[in-house]
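Please open the structure in a viewer and keep the sequence beside it.

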Amino acid sequence: MFPDYFEGPLDVSIVRRAVEDGLLEVDLIDLRDHGLGKHRQLDDTPFGGGPGMVMMIEPLASALEPLSSTTRILFTPAGIPMTQATLDRWAGLPEITFVCGRYEGVDQRIVDHFIDEEVSLGDYVLAGGEVAAAAAIEGVSRLIPGVVGNPESTDRESFRGGLLEEPVYTRPAEYQGWSVPDVLLSGDHARIEEWRREQRFRRTKERRPDLMSNGEDSDT
Ligand code: ADE
């Protein structure tokens, strides 16, 4: 319903570069073009009563029918949470359609007949799925081979090893009396690696104990 929303996210950094380099193509569909009647209606009141509006079948069916060869994802707070594993899987797909739900939801028959996965950005309610779609596009883009310069930077980072990343530092070694941990300046690569490992475990245990059972060899 709001294709203009994507002008910003598609026009910066990694996503922009991926598109410019021909590694990614993004087509925006304006649902309004599929709206009903002279007002191009997209939503209606819910059967059974209650607050808000529900996105109608016809406009979504008309937009989604030609995209049946793609994997169709609906963003909704009622979906399965999006994780790095979700993005890894999507990055391997040739074509994905992200459907941005609005209002109180989408007529369930659309979900039943046109949607492959219902996915949530997290346990909070947004006004619609646009932010989730922008996050997904950015997260998937950087996994496309050739988009991010250093392939190591996509596998060493948070969640790849099932743990959060360690803290990082750069010059100057001291700023207003705040110094960098000595070990990082020691040149002893074995000790540095050990320190980083420890930091990853400590952070994860403190902030995300739910990830700890995965261990370091998990693929999530
Ligand atoms: N639409 C509204 N809230 C959302 C969420 N948390 N994730 C995905 N889509 C949404």
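**First stop: Thr97 and its surroundings**

Select Thr97: apart from neighbours within four places in sequence, its contacts (heavy atoms within 4.5 Å) are Leu64, Leu67, Thr70, Thr71, Arg72 and Ile73. The model is a predicted one, in which local features need pLDDT of at least 70 and side-chain atom pairs count only at pLDDT 80 or more, while totals for chains, interfaces and linings use all residues. Residues are numbered from 1 along each chain as its sequence is written, and side-chain values use heavy atoms, with hydrogens and water left out.

Thr97 belongs to strand 4, residues 96–100; strands (E, at least two residues) and helices (H or I, at least four) are DSSP runs numbered from the N terminus. Is Thr97 buried or exposed? Its relative accessibility is 11%, so Thr97 counts as buried; buried means under 20% relative accessible area, exposed over 50%, and partly exposed in between (1.4 Å probe, protein chains only). Now display the side chains of Thr97 and Thr70, which are joined by a polar contact of 2.6 Å. A polar contact is a pair of N or O atoms within 3.5 Å; within protein, one must be able to donate a hydrogen and the other to accept it, and residues adjacent in sequence count only if both atoms are side-chain atoms.

**Second stop: the largest pocket**

Next, turn to the largest pocket, with a volume of about 920 Å³. Of its 35 lining residues, Val26, Asp27, Ile96, Thr97 and Phe98 are the closest to its centre. Two or more lining residues come from each of helix 3 (57–64), helix 4 (84–91), strand 4 and helix 6 (130–141). Helix 6 supplies the largest share, six residues.

A pocket is found on a 1 Å grid over the protein atoms alone, as an open set of points where a 1.4 Å probe fits, with protein on both sides within 12 Å along at least five of seven lines; lining residues have an atom within 4 Å of a point. Grid points are joined across faces, edges and corners, and the volume is the space filled by probe spheres set on the points.

Colour the lining by residue type to see 27 nonpolar, four polar and four charged residues. Here Ala, Val, Leu, Ile, Met, Phe, Trp, Tyr, Cys and Pro count as nonpolar, Asp, Glu, Lys and Arg as charged, and the others, Gly among them, as polar.

Select Glu117 in strand 5, residues 117–120. Glu117 is buried, at 18% relative accessible area. Beyond its neighbours within four places in sequence, Glu117 has contacts including Ile73, Leu74 and Trp90.

Which residue forms a salt bridge with Glu117? The partner is Arg89, with the closest N and O atoms 2.8 Å apart. Because Arg89 lies in helix 4 and Glu117 in strand 5, the pair ties together parts 28 residues apart in sequence. Arg89 is partly exposed, at 45%. A salt bridge is a side-chain nitrogen of Lys or Arg within 4 Å of a carboxyl oxygen of Asp or Glu.

The structure holds ten salt bridges. Select Glu166 and Arg200, whose closest N and O atoms are 3.1 Å apart in one of them. Both residues are buried.
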